[in-house]
Amino acid sequence: MEGYVFFSTFAGTYLSNQAFMKISYNWLQEYIDTDLPPAELGEILTNIGLEVEGMVSFETIKGGMDGCFIGEVKSCEKHPNADKLSVTTVDIGQERYLDIVCGAPNVAAGQKVLVATIGTTLYQGESSLTLKKVKIRGEVSEGMICAEDEVGLGDSHEGIMVLDMDAETGMPAREFFNITTDTTYEIGLTPNRVDGASHFGVARDLSAYLNLNGTAKLTTPGVDDFNTDNKDLEIGVIIENEEACRRYAGVTIKGISVEESPQWLKNRLLSVGLIPINNIVDITNFVLFELGQPLHAFDADKIKGGTVIVRCMKEGTPFVTLDEVERKLSKDDLMISDEKDGMCIGGVFGGIHSGVSMETRNLFLESAYFDPVYIRRTSKRHGLNTDASFRFERGADPEMTLHALKRCAALIREIAGGTISSDVIDVYPKKLEPFQVDVKYDHIDKLIGKNIDHKIIHKILEGLGITIDSETSDGIHLIVPRYRVDVQREVDVIEEILRIYGYNNIGFAEQMTSKVTHLEKPDKEKLTQIISDQLSSSGFNEIMCNSLTREAWYEDKPEVVKLFNPLSSDLNRMRTNLLFGGLETILYNINRRRSNLRLYEFGKCYHLAMESNPGILHTYEEEEHLAILITGNRYEGNWIEKDQAGSFYELKTYVENVLNRLGIDPERVDTRELQSKEFEDGMGLWLKGKKLVELGAVSSSLLKKFELDAEVFYADFNWDHIMEVLKDGKISLKPIPKFPEVRRDLSMLIDKSIQFGQIRDIALKSEQKLLKSVSLFDVYESEKLEKGKKSYAVGFILQNPEKTLTDKEIDRIMDKIQANLERTVKARIREAKS
C-alpha cells in the first residue's frame with residue numbers, strides 16, 4: 001500500500017444492524033419550507049408511512065457547552081502550596097470574579113479564555129465530569145479554565161485555550177463557537193420504500209402531505225453551477241454487461257486537494273451518524289444521503305489505459321477490497337475495471353488499489369444504475385452490506401444518475417478545488433421507461449371507503465411526482481417515475497393516495513353490515529386462543545420467533561427450505577421446527593439473568609417433501625405447530641420450602657392438560673418411544689395413526705451447540721394433526737353414573753426399561769369397557785431389589801354405568817390384566833389391594 005491511507009468513496013462503510021434510516025431535521029429544512037417543530041413533523045412522517053421509531057437530539061459538541069462562558073483572566077498568582085498550579089481570578093460577566101485554580105503552564109493575566117462554571121458537565125468520549133466547588137491544596141476553585149480536549153473542540157491538552165482578545169467577556173460558549181443543535185429522526189424504512197432513503201425523498205413526501213392544507217415549497221438541490229472547465233482529462237467508458245449495468249455516467253476532476261472537510265459538511269454527516277473522513281469521501285456521502293444516489297470516486301491516475309470497463313470476471317478471480325480482505329469473485333459479480341484489473345465491486349464495495357488517498361490529485365467520479373438482483377446477490381454472497389448496496393439492491397432512481405453526478409462534481413470543485421476536466425460521459429444502452437398505471441375513480445372510493453374529491457387526488461399525485469398522462473370521466477392514466485419501484489399496480493397508487501390523504505381522515509360508517517357464515521369444525525383460531533389463555537394462566541409467556549433462521553442449525557437436514565435470495569447469512573433458511581428459535585430465546589433470557597422460564601409459541605414450520613430421489617424437489621409443506629419449553633426452577637425456594645426444579649413430569653403434566661382441554665383423553669393415546677437427535681429422552685403420543693405431540697428432554701449435544709448449560713424440556717404439538725383428529729370428534733352428553741366406581745391397586749416388579757405408558761396401554765386393551773382409568777402412584781428403586789428392576793404401584797378404576805360391580809366381576813378383570821402384564825412385560829405381581 002506504499003504507506004498510503006485509502007478511503008472508501010462508495011458509501012462503503014458497513015451498515016450497522018439498525019433497521020432505520022437517519023434523517024436530520026435541520027438538513028431536511030434545506031429542501032422543504034416549513035417551520036413545524038420536530039415532534040409535530042415526526043408525527044406527520046409516521047402518519048404518511050415513514051414511521052419514526054425514535055427521535056435523538058444531536059449537538060456538534062456533546063452537552064452543547066452549556067455552563068461555559070468566555071472569561072478574562074484578571075489576575076494570576078503562583079499557588080502558595082503547589083509549584084505547578086496557579087491561582088487566578090476570572091471575569092465571566094457576572095457580579096463578582098471567580099476564583100479558579102489552574103494547572104496549565106500557559107495561563108496568564110489578561111488572556112481571554114473558556115471557563116466552565118460550577119454545575120457544568122463536560123464530556124470526553126463516553127465519560128463525563130460534573131464540576132463542583134472544591135479546595136485544591138487549600139485554595140478555593142469555582143470552575144475550570146478549559147483546554148480544547150476538555151470540551152470536545154480538539155485533542156490537544158498542552159495548555160488552556162487562549163482566545164482572541166476581541167471575544168466578548170461573558171458570552172455563552174454556545175454562541176461564540178456556534179454550536180449547532182439538531183434532531184435526528186430514526187425512520188423504520190420498509191424494503192419497498194427506497195425512495196425515502198434520502199433527505200430529498202423524505203422532503204418530497206412531506207411536501208405532498210403539507211400541500212394538501214397549504215403550501216410547502218419543495219426545493220430540489222441545484223446543479224446550475226455545474227459546468228465543464230476544460231477537457232484535459234478524458235476517461236472512456238465501456239459496458240460489457242448491459243443486463244447488470246443499465247446506465248453508467250462519469251466525469252473527471254483535475255487538481256483536487258484531499259483535506260479535512262469544512263465544519264458545515266462534517267456537521268451534516270455527524271447528524272446522521274456518519275464519521276467525517278476527508279472532503280472527497282464526505283461529499284460523496286453527503287450526496288448519497290441528500291439524493292439517495294450512491295457515487296464512487298476513483299483515483300484517475302490509477303485507471304490503466306484510461307478506460308473504465310463494466311463487466312463480470314472469471315470465477316474465482318481474487319480481488320482485495322478496501323477492508324484489506326481478499327475475496328474470490330463469482331462469474332456473476334459485476335466489476336468496475338480498467339483495461340487490466342478490477343477496481344471495484346460494482347454497487348457494493350471499492351477495491352484497495354483504486355481508492356482515493358491523501359496523495360490523490362485527479363478524480364474520476366462515477367454515478368450509475370445497477371440491476372438490483374445482481375447487486376443483492378453479490379452483497380449477500382460476500383457478506384458486504386453497505387449504504388450503496390442497500391439502495392442499489394432495492395432499486396435506485398436511474399433518472400437521478402446525472403443530477404447526482406453534477407451535484408457531487410460541483411461540490412468537489414467548490415470544496416476541494418480543481419477543475420471539471422471532461423464532459424459528462426453517459427452510457428445508457430436502453431432507456432428504462434417509467435411505469436404506466438390505469439386507475440379507476442370508483443376503485444379508489446371502494447378501496448379507501450370514502451369518496452375523495454378528484455382535485456385532491458390530482459394534488460396528491462402531483463406532489464408525489466406521479467404524472468397524470470390522460471383522464472376520462474371514470475379514471476386516469478398515470479406515468480409513475482422509476483424511483484417508485486413499489487408503485488406498479490392500481491392498488492399501489494390507491495395506497496399512495498390514502499397514505500398522503502391520511503388514514504385518520506377515513507371515518508367509520510354509520511351502519512354495520514354482517515352476514516351469517518358457516519364455520520367448519522373445529523374452529524382452529526378459537527382453539528388456539530383457548531390453549532394460549534390456558535398456558536398463559538399457568539405462568540407461561542408467549543414468544544414469537546422469526547420463521548427465517550440460520551443455516552448452521554440445519555447442516556444435516558436435507559428437507560430444509562433454502563432461500564434463493566436471503567436477507568443475510570443468519571436468515572437464509574425456513575425453520576423446520578420451533579425448537580431452535582425457542583433455544584435462542586432461552587439463551588437470550590439466561591444471559592440477562594432470567595433463568596426460570598416457561599415459554600410457548602404457535603407458529604408454522606416448513607419442509608421440502610422429497611420424492612424417492614432426494615435431489616428432486618417435489619413440493620413444499622407447511623404445518624402449524626405449538627411448542628412448549630421449560631427450563632430452570634418450577635418454584636423459587638423460600639423459608640418454608642426448597643427450590644423445585646422443572647422436570648419431564650412437569651412438562652408431561654402441561655401436555656396432558658392441553659390434550660384434556662382439547663377433549664382428547666391422554667389415556668386413550670398411543671405412547672411410542674421417540675428416536676430423534678433433538679431429544680435425549682423422549683416419547684411420542686399418537687392417535688388414529690397421527691402423531692399429536694413429541695416431548696422430552698432436549699439433547700445435551702444440541703444444548704451445547706446453543707451454548708446452554710441449563711436443562712431444557714420441550715414439547716412439540718403438530719397442531720394440524722390435532723385439528724384433523726378433532727374433526728371426527730363429537731360432543732355427547734351422558735348422565736352422572738348412578739353406580740359407584742371401584743379401585744384396585746397392583747404392586748409389581750418390572751424391568752427398568754418398561755415405561756408406565758406400556759403398563760397403561762396393556763391394561764386398557766385388556767378391559768376396554770369397564771376400566772375407566774389407570775394411574776401410577778408410586779415408583780420404588782433400590783439396591784435391595786433385583787438388578788435392573790424397579791417397583792411400580794398402579795391404581796385401576798373400574799365402573800359399570802348400568803349396575804354395581806361384584807367382587808367376582810372385579811377379580812375376573814384384574815386377573816386378566818395381571819395375566820397380560822405378566823405375559824407381555826414379564827411383570828411379577830408383588831401385592832394386590834382392594
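The legends below describe close-up views of a predicted model. Local features are described at pLDDT of at least 70, side-chain atom pairs at pLDDT 80 or more, and totals for chains, interfaces and linings with all residues. Residues are numbered from 1 along each chain as its sequence is written, and side-chain values use heavy atoms, without hydrogens and water.

**View 1. Strand β5 and its two partners.** Strands are DSSP runs of E with at least two residues, helices are runs of H or I with at least four, and both are numbered from the N terminus. Two strands pair if DSSP finds at least two bridges between them. Strand β4 (residues 68–78) pairs with β5 in the antiparallel sense over 6 bridges, and V87 of β5 is the bridge partner of E77. Strand β6 (residues 98–102) is joined to β5 by 5 bridges, also antiparallel, with T89 opposite D99 of β6. The hairpin of β5 and β6 has 6 residues between the strands, and G93 there takes a positive phi near 80°.

View 2. Strands of a sheet pair through backbone hydrogen bonds, either parallel or antiparallel. Here the order is β32-β34-β33, and the pairing is antiparallel. The edge strands, β32 (548–549) and β33 (561–562), each pair on one side only. Strand β34 (residues 573–574) is joined to β32 by 2 bridges, and L548 stands opposite M574 in β34.

View 3. Helix α9 comprises 16 residues, 401–416, which at 1.5 Å a residue should span 22 Å; the end C-alpha atoms are 22 Å apart, so the two values agree. The expected span is 1.5 Å times one less than the number of residues. Of the 16 residues of α9, 12 are buried, among them L405, C408, I412 and I415. The buried residues pack against elements including α5 (263–271), α6 (279–291) and β25 (362–370), with contact meaning heavy atoms within 4.5 Å. Just after α9, G417 takes a positive phi of about 80°.

**View 4. The second largest pocket.** A pocket is an open set of points on a 1 Å grid over the protein atoms alone, where a 1.4 Å probe fits, with protein on both sides within 12 Å along at least five of seven lines; lining residues have an atom within 4 Å of a point. About 910 Å³ of space lies in this pocket. It is lined by 34 residues, of which F648, M683, Q755, F756 and G757 are the closest to its centre. Elements that each supply at least two lining residues include α15 (648–661), β40 (679–687) and α18 (756–766). The lining divides into 13 nonpolar, 9 polar and 12 charged residues.

**View 5. Two loop residues with positive phi.** R137 is not a glycine, yet has a positive phi of about 55°. R137 lies in the loop between β10 (134–136) and β11 (139–141) and counts as exposed because its relative accessibility is 54%. K688, also not a glycine, has a positive phi of about 55°. K688 lies in the loop between β40 and β41 (690–698) and is exposed, with a relative accessible area of 55%.

Terms used:
Grid points are joined across faces, edges and corners, and a volume is the space filled by probe spheres set on the points. Ala, Val, Leu, Ile, Met, Phe, Trp, Tyr, Cys and Pro count as nonpolar, Asp, Glu, Lys and Arg as charged, and the others, Gly among them, as polar. Buried means under 20% relative accessible area, exposed over 50%, partly exposed in between (1.4 Å probe, protein chains only).
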